[in-house]
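User: I would like to go through the fold of this chain before planning my reading. Could you take me through it?
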Amino acid sequence: MLLKTIKWISMKNIMVPTDFSSNAKKAFHYAINIAHSTGAKIYLIHAFALLESTFIDRKSLREAWNEEQEQKKRAMLLQLAEEGRELKPNVLIEELLFTGATEAVLIRYAKENNIDLIVMGTQGASGLAAVLVGSVAAAIISGSNAPVLAIPKGYQGEEPHSIVLAVDELNQDTDTLSIAANLAKDFNIALKTVMFLNENESESIRIAKKEGLERYTENLRLAFPATQIESEIILGEDFENDIQDYCNRKGIGILCMVTYKRGFWERIFRPSATRRMAFHTTLPLLAIAGQD
């Protein structure tokens, strides 16, 4: 277990996709704060499709338009990177411009370059609903093994002040959760493992789950001794409303959930409850690919 933990103690590579929107810029600033605390390097990436329309039959016109777009986007990318360097001069930022399908470019780059964390903004008034239904973000979450930290449009925080790991099943390998544990360590904050218990469950089931959570939390403490790890039970009737209320009352900075490749979000906790949760949470959501 020690070797697995060491892999995450020093985060090295953070990928930040950008479409130059205001919320993508907010996600970039969030990533800079993480990189400042962890010593990671940021790869600021934009990908766009070249014009290949058959309605423009003159090759020279298509090439001129594509060249103009490339120059424009490269300039925007450089300007954004320079803004980041001014905010935190010690953070290494490399700007990268690619042509091609955005989803494929980002997934391939993350896989081929040992990306430890992907930080990206969500679009639209529905907040994290865009993560679920937006083609780019959905493809990245489902196609990349790297954890994805999605920053909702309305979020105003600058850096995490606490992390909640909402757990349901207690058989998750601890190495899967190392990104959350080590983010908490790097920011000197607690990682709270929180389990939701339905008020209608029998007393025997509640006792068994509480005991299971205590054992699970102790295993996390052994795996990540440098991280302050706490646990708490949330008792209620509606998972997404109760967990959101808990996070609001406690001033939680990041809500962490484990996702599964099989069926995309279908196996996050209770399929319908967690999906609805993602649609209206106002917190940054850290999606970690679980072990099937």
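Predicted model: local features only at pLDDT ≥ 70, side-chain atom pairs only at ≥ 80, totals over all residues.

User: Fine. How many helices and strands are there in the chain?
Analyst: The chain contains 10 helices and 10 strands.

User: And what is the strand order in the sheet?
Analyst: The order is β3-β2-β1-β4-β5-β10-β9-β6-β7-β8, in an open sheet of 10 strands with mixed pairing.

User: Which are the edge strands?
Analyst: They are β3 (93-99) and β8 (229-236), each of which pairs on one side only. On average, neighbouring strands of this sheet are turned by 25° against each other, direction ignored.

User: Let us look at β6 and β9. Is their pairing parallel or antiparallel?
Analyst: Strand β6 (residues 163-167) pairs with strand β9 (residues 254-259) in the parallel sense, over three bridges. Ile-163 stands opposite Ile-254 in β9.

User: What does helix α7 lie across?
Analyst: Helix α7 (residues 178-186) lies across β6, β7 (191-198), β9 and β10 (285-289). It runs at about 140° to β10.

User: And which strands does α8 touch?
Analyst: Helix α8 (residues 203-223) packs on the sheet and touches β6, β7 and β8. The direction of α8 makes about 160° with that of β8.

User: Changing topic: which residues in α9 are buried?
Analyst: In α9, the buried residues are Phe-239, Glu-240, Ile-243, Gln-244, Tyr-246 and Cys-247.

User: Where do those buried residues fall, seen down the axis of α9?
Analyst: They fall within an arc of 160°, so they line one face of the helix. As background, an α-helix has 3.6 residues a turn, so residues three or four places apart point the same way.

User: How far does α9 reach from its first C-alpha to its last?
Analyst: Helix α9 (residues 239-250) has 12 residues and reaches 16 Å, close to the 16 Å expected at 1.5 Å a residue. Just after α9, Gly-251 takes a positive phi of about 65°.

User: What about α4: which residues are buried there?
Analyst: In helix α4 (residues 102-112), Val-105, Leu-106, Ile-107, Tyr-109 and Ala-110 are buried.

User: Finally, the chain as a whole. What share of its residues is buried?
Analyst: Buried residues make up 50% of the 292 residues. The chain exposes about 13800 Å², of which carbon and sulfur atoms supply 51%. Of the contacts with a separation of 6 or more, 80% are between residues 24 or more positions apart.

Terms used:
Residues numbered from 1 in each chain as written. Heavy atoms only, no water. Helix = DSSP H or I, 4+ residues; strand = E, 2+ residues; numbered from the N terminus. Expected span 1.5 Å × (residues − 1). Buried < 20%, exposed > 50% of the residue type's maximum accessible area, 1.4 Å probe, protein only. Arc of directions from axis to C-beta. Contact = heavy atoms within 4.5 Å. Areas by Shrake-Rupley, 256 points an atom, 1.4 Å probe, with all protein chains shown as cover. Pairing = 2+ DSSP bridges. Axes fitted to C-alpha atoms, helices over the stretch in contact; angles between N-to-C directions.
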